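Subject: Structure for you to look at

Hi,

Here is the structure I promised to pass on.

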Amino acid sequence: MRIHIRNTTILTMNQEEEPFIGDIVIHNDQIEHVIRTDRQSIESIIPPLTGDDVQVIDGTGKVTMPGLINAHQHTPMNLLKGFSDDLKLMDWLEKKMFPAEARMTPEDIYWGSQLSMAEMIRSGTTTFADMYMHMNQIAQAVDEVGMRASLTRGLVFHDDDQGVRIREAIELVESWHGQAKGRITTMFGPHAPYTCPPEPLKEVMHLAKQYDLPIHIHLAETKEEVITMRERYQQTPTQYLYELGLFEQLHVMLAHSVHLTKRDIQYLKGMRGGVIHNPVSNLKLGCGIAPITEMKQQGITVGLGTDGAGSATTLDMFQEIKAATWLQKLDYGDPTVLPAYQSLQMATIESAKLLAIDHETGSLEAGKKADMILIDLNRPHLQPVHNIVSLLAYSVNGADVDTTIVNGKILMQNRQLLTLDEQEVMRQGNRRAKRIVEGI
Ligand SMILES: CSC[C@H]1O[C@@H](n2cnc3c(O)ncnc32)[C@H](O)[C@@H]1O
Ligand SMILES: [Zn+2]
């Protein structure tokens, strides 16, 4: 099966290549050709593609770019969006989220994750990293819907149930890593320094080494977290992880990383993996501005994620792209800081590096998996077209995405979702959300 996208504006996100007019040919799950037709006729490069096994997409007036990669998510939390706003992180988490999550059934998780997948596909995300519980249900939903995902059983350690959660984390890895035609990968997910004492954290690190898998963890999200860690361990949260050998031994994805000292940034220098910036969630919870410009200057990879819809309130990665660049400009009082292209890199190839799947996705190159989106520029807010990169970073919204393709399969075309029953997902989501939050 081939898909031929004709006469589109292509932004490959490969080594700072400028956008160009061309064609893309997808063969099964892979990109077969990315062809510049502004310089050569397509017929001089490949024979005409015709017949039943070729689907042609007219890309005229559309930009084709790599699918966006949301590197930090809690997909079922979409069911908790908007029920408790304007609270401090710890009040929000401990008084509202944890009690609501304790009421969630495996079916709630299945439908809640699909609600998020519908929103992500609609707004141009093709891959996400998830940390939650009942991960079997999320993996099942990923398999059915067709997205690419890195799945992690979140581990919050209480004395009583440490063994159960670790067993669930191992079961997820053993049952799902490499499944769904290779679209699912897995990691180990100790939740955060303040919920993971040294002994269980060392056990998780040992497992990650044994299975040769990365770690996904929250870090230094609030000032309060820094105070708590100083009281408990006389260390910053980053120093705590560093002293345990985490950055030396493993590929690690660090969500948030807002409150880092200069020395903390030195601890991260040279690490495998890097930092996931979550600017909208950090704004909404009043956490602060992560020092991502400084981290990037030190060679640390910085990707982008929304966090759960419970805090971010939307899963539109185009909002994160804007927030990321604008917050750095504001922080430095300098509009030249974090230019548009770098912000797009964070949402594509840099996030792919964090998920350790940059050999497969994150840029449009022959041989990579066919994960891409088409954005319709035929709208007043996207005209005139002076500069494609500027439009994508500063003017496009998720609702401008026309087509979403993952692993060579079209998940949305002309804004119609093709692999999930959107009405049923919304009906289930609404019904279940009401029951979960009642009385909390
Ligand atoms: C144990 S599964 C993951 C766990 O993380 C919680 N969570 C959601 N958003 C945040 C955040 O911004 N900081 C820390 N923890 C967060 C979620 O409610 C789950 O319980
Ligand atoms: Zn989170």
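At what angle do helix H14 and helix H16 pack, and how far apart are their axes? H14 covers residues 340–347 and H16 covers residues 388–395; the angle comes to about 65°, and the axes are 9 Å apart. The crossing of the two is left-handed. On the H14 side the contact is made by Ala340, Tyr341, Ser343 and Leu344. Across from them, H16 brings in Val389, Ser390, Leu392, Ala393 and Tyr394. Sorted by class, that contact holds 7 nonpolar and 2 polar residues, with no charged ones.

Before you go further, keep in mind that this is a predicted model. The protein chain has an average pLDDT of 96, and 99% of the residues score at least 70. For the complex, the predictor reports an ipTM of 0.99 and a pTM of 0.98.

Now to the ligand. There are 17 residues around ligand 1, and the ones that come nearest are Met97, Tyr132, Gly154, His218 and Gly308. Which elements each supply at least two residues of that shell? They are helix H1 (89–102) and strand E7 (125–132). H1 has the largest share, with 3 residues. By class, the shell splits into 7 nonpolar, 7 polar and 3 charged residues.

His218 turns up again in the database record. The UniProt entry, which is unreviewed, puts a "binding site" feature at His72, His74, His218 and Asp307. Why can these be said to gather at one spot? Their positions span 236 residues in sequence, but no two of their C-alpha atoms are more than 11.9 Å apart, so they do come together in one place. If you want to find His74 on screen, look in the loop between strand E6 (68–73) and H1.

Two bits of backbone geometry are also worth a look:

- Gln383 to Pro384: this peptide bond is cis, with omega near -5°. Pro384 sits in the loop that runs between strand E14 (372–376) and H16, the helix that packs with H14.
- His134: phi is near 50° here, a positive value in a residue other than glycine. You will find His134 in the loop between E7 and helix H3 (135–145), and E7 is one of the elements that supply the shell around ligand 1.

That's what I have for now. Tell me what you think once you've had a look.

Cheers

Key: Residues numbered from 1 in each chain as written. Chains lettered and ligands numbered in written order. Predicted model: local features only at pLDDT ≥ 70, side-chain atom pairs only at ≥ 80, totals over all residues. Axes fitted to C-alpha atoms, helices over the stretch in contact; angles between N-to-C directions. Helix = DSSP H or I, 4+ residues; strand = E, 2+ residues; numbered from the N terminus. Left-handed = near helix turned anticlockwise from the far one by under 90°. Contact = placed C-beta atoms within 7 Å. Nonpolar A, V, L, I, M, F, W, Y, C, P; charged D, E, K, R; others polar. pLDDT = per-residue confidence, 0-100. Near = placed C-beta within 6 Å. UniProt positions renumbered as here; feature names shortened; annotations may be inferred.
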